Amino acid sequence: MGVLMSRRQTVERVQKVSLAVSAFKDGLREQPSTRRRAEAGTARQGTLEQEVQEGEEEAVAGPSQPEESSASKAAWERLRDGRGVEPEEFDRANRFTPPAFIRPKRELHDDEPPDISLEQREQIVNDEMCEICEVWTAESLFPCRICHRVYHDGCLRRMGYLQKDSAVEVTETAHTETGWSCYYCDNLNLLLTEEEMYSLMETLKNCKIIPGVCLTLDDFLHYKHQVHKQQFERTMPEAKEEQAALQFNALDPDKKGHIEWQDFLSHESIQLLQKIRPQNALLRLLTPKERERARAAFLALDQDNDGFIGEGECRQARHTWFRKHQKEMLSCNVSISHVGPISEGSPASSRNGKSPEKILPATKQEETSIDWPGFLRENVAYILAARPNSAALHLQPLA
């Protein structure tokens, strides 16, 4: 325990020093701008209407202007660093210090096809000690359904990652097939490298997107139109707009009329990964647990054991990755079992009662056949997009 406290205290000291240095630098940056505004205020006798108009222009200018407010700077820094809580918003009383996330780096061999065998199964082994406190207490540990890490619910609370409304859900789902994603795997934005994150931030700034703010349908469509025009230098076609509207509905499963910032950020992160990285590089992001689920899905679809499935069956698998909640499963007919995290009470996992609807045998002969490597390439983005605990579909599968 002495080592644990020493390491925690060291991290806290480093972060406190970093915060102090950042505050000092921000103060130095803001002093000249404050002096200039004061001098301008004494030299100019403007009307109230002019001052209001200037204030509105500054607000519309947003984070793309050279002079930004300290709150805006902090929001963009939090986005860049992958942090979810501002230091002043985090109650440090009886809390652990949140971890400093380190963004991944691309390797030279990332673009080469990885060796993921269909026949060779992988042994899934979780850590024995809590990722936070490094203490072993057997059954009281909650495993992540994506990676090998395990946690105590008390440690998650003290980290600020487990609030009262989500504690029961974690307790009920962590040991089921539905599973629970830890704070590393739940945040798809942490998959981006520093260069990729910089590219995403520039796009958000150019489109006047404010970090942490929910987006309505009009905001989302306006953003998509701007991104399309910047990329292709032409207006987004109507078909693309309809697809964007469907994606908004997928990101708003509770029909609130807006999408949460974290869901929007996860969607944009997975979209950027699809756009920048080749599929082989995305395949290297899959964890052993995700690869095992993919094997189970493919083998369930390949009923004649010839190593191929139909294209329609492959498209069907894309939808099933996101069926993480029992209430979603009850309204769906599924022809395969154990595709992605499926709850124990779902139709696919039940062994009594009516059998799920089956695909006609002739489908495979009529459609293009897909082998195991092709199945992985076609589904890898959807497998990654299904990591967050949110009920939102961060990557809407095409019909």
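Lys208, which follows helix H6, has a positive phi, near 60°. The model is predicted, with local features requiring pLDDT of at least 70 and side-chain atom pairs counted only at pLDDT 80 or more, while totals for chains, interfaces and linings use all residues. Residues are numbered from 1 along each chain as its sequence is written, and side-chain values use heavy atoms, with hydrogens and water left out.

Helix H6 covers residues 194-206; helices are DSSP runs of H or I with at least four residues, numbered from the N terminus. Its 13 residues reach 18 Å from the first C-alpha to the last, close to the expected 18 Å (1.5 Å times one less than the number of residues). Glu196, Met197, Leu200, Met201, Leu204 and Lys205 are the buried residues of H6 (buried: under 20% relative accessible area, 1.4 Å probe, protein chains only). These buried residues pack against helices H3 (70-81), H7 (217-232) and H9 (261-276).

Ile270 is found in helix H9 and is buried, with a relative accessible area of 1%. Residues touched by Ile270, not counting those up to four places away in sequence, are Ala381, Leu384, Ala385, His394 and Leu395 (contact: heavy atoms within 4.5 Å).

Asn280 lies in helix H10 (residues 279-283) and is buried at a relative accessible area of 19%. Asn280 and Asp111 are 169 residues apart in sequence, yet 5.4 Å apart C-alpha to C-alpha. The Asn280 side chain reaches the backbone oxygen of Asp111 at 3.0 Å.

Key: Helix = DSSP H or I, 4+ residues; strand = E, 2+ residues; numbered from the N terminus. Buried < 20%, exposed > 50% of the residue type's maximum accessible area, 1.4 Å probe, protein only. Polar contact = N/O pair within 3.5 Å; in protein donor to acceptor, adjacent residues only side chain to side chain.
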